Amino acid sequence: MAHFDVFNGDADGICALHQLRLAEPCPDANLITGFKRDTRLLDQITPSAEDSISVLDISLDTNRASLERILASGAKVLYFDHHFAGEKPFAHPSLVAHIDTASDICTSLIVDRWLHGQFRLWAVTGAFGDNLHRSAHIAADKLGLDAEIRQSLQTLGECLNYNGYGESLNDLWFHPAELYEAIRPYLIPQDFIQEAPAFRKLYDGYKSDLKLASELHAVLDTPHAAAFELPDAPWARRISGILANQLAHANPDRAHAVLTPTTHNTYTVSIRSPLNRPQGADSLCRQFPNGGGRAAAAGINSLAVTAVADLLDKLNLHFRPS
Ligand SMILES: [Mn+2]
């Protein structure tokens, strides 16, 4: 009888699993995770009928075929998530699913609800990591946390989230399973922050990557839109996911593009609409092959080098105030 814990390797996935395992320890669980964009994790397991699986923070829609296969084997599945779950509802007698796709909810908050707030400090951390600041503060209000603790949980959430970004596991400071295991002994995040060498390493790495990013020159720089091209380096691939958010918060009236080179001679592109006018990122990205996303945050998976000039022109026009 084996148990599998399958979780997204970002802050939300790690903090969701940690809450669940503080409530129901399962020290022998097999950990299945990956870097943040590696979300087809259920493909990796072939359980038998007596086995059980907990799944956290990966889309049911993306994993539907493997979930059907796993349930057909007779295994039991407990599923927590906030990503798109597909047009058709999914039900099976061996599946217990807690899925809520509201825009102000993340998986750590869904698990917090299920556990009646028993380990809420970790839910606050996960919500900050998923960039849900309002929801994180609402949960922090219920605990009566002061500003200093909120700030440290926000920093931890950002550091855990940052560790999930890269083109492959080689870019990361920690394999997400290793990071989860470093967190596992800690009942409260403040102790992890103060005592764990893993936190120190992550925090120092985050600060040093951010400093390198702050030295970049914009390839487009207007009052309403800016674009930055990162070099082909591990630090750049690690910081790419965070950089667009940081830029958006620092310049809330400006749209931002961050271009990250891939090993296939193309760019992955993150677009953020201006925070104060969070519309248009998706419609801009859909003008390019492999482009899509949400109104406030969208991206292009594989932009040809020859299409960069066109993207910068369109970015500038698209967000020009009318
Ligand atoms: Mn999440």
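**Entry 1: the model**

I am working with a predicted model. I count residues from 1 along the chain, as the sequence is written.

**Entry 2: the domains**

I began with how the chain is divided. I found domain 1, residues 3–206, and domain 2, residues 216–318. The bounds come from an automatic or database domain assignment. I looked up how far apart their centres lie. Over C-alpha atoms, 27 Å separate the centres of domain 1 and domain 2. I then looked at the contact between them. Domain 1 puts in 7 residues, and domain 2 puts in 9 residues.

I found an open sheet of 5 strands, in the order 2-1-3-4-5. The pairing is parallel. Which strands stand at the edges? I noted strand 2 (30–32) and strand 5 (95–99) there. Each has a single partner strand, so one side of each has no neighbour in the sheet. On average it is 10°, with direction ignored.

**Entry 3: strand 1 and its partners**

I took strand 1 (3–7) next. Is strand 1 mostly covered or mostly uncovered? I found that 4 of its 5 residues are buried, so I wrote "mostly covered", where buried means 20 or more other C-beta atoms within 10 Å of a residue's own.

I followed strand 1 to strand 2. The two run parallel, and 3 bridges join them. Phe-4 stands opposite Asn-30 in strand 2. The chain gets from strand 1 to strand 2 by way of helix 1. I noted that this β-α-β crossover is right-handed.

Then I followed strand 1 to strand 3. These also run parallel, with 5 bridges between them. His-3 has Ser-52 as its bridge partner in strand 3. Asp-5 stands opposite Ser-54 in strand 3.

**Entry 4: strand 3 and strand 4**

I checked the cover on strand 3. It is mostly covered, with 4 of its 5 residues buried. I counted 5 bridges from strand 3 (residues 52–56) to strand 4 (residues 76–81). These two strands run parallel. Ser-52 has Lys-76 as its bridge partner in strand 4. Leu-56 stands opposite Phe-80 in strand 4. I traced the chain from strand 3 through helix 2 (residues 64–72) to strand 4. This β-α-β crossover is right-handed.

**Entry 5: helix 1 on the sheet**

What does helix 1 touch in the sheet? I found that helix 1 (residues 11–23) packs on the sheet and touches strand 1, strand 3 and strand 4. The direction of helix 1 makes about 145° with that of strand 1.

**Entry 6: the core**

I finished with the nonpolar residues. The largest nonpolar core has 78 residues. Which residues have the most contacts inside it? I wrote down Ile-14, Val-124 and Ala-127. Helix 10 (residues 234–250) gives the largest share of this core, 7 residues. Why does the core lie between domain 1 and domain 2? Both domains give residues to it, so it lies between them.

Definitions and conventions
Predicted model: local features only at pLDDT ≥ 70, side-chain atom pairs only at ≥ 80, totals over all residues. Pairing = 2+ DSSP bridges. Axes fitted to C-alpha atoms, helices over the stretch in contact; angles between N-to-C directions. Contact = placed C-beta atoms within 7 Å. Buried ≥ 20, exposed ≤ 12 C-beta atoms within 10 Å, placed from the backbone. Right-handed = clockwise from strand over helix to strand, strands pointing away. Core = buried A, V, L, I, M, F, W, Y, C linked by C-beta atoms within 7 Å.
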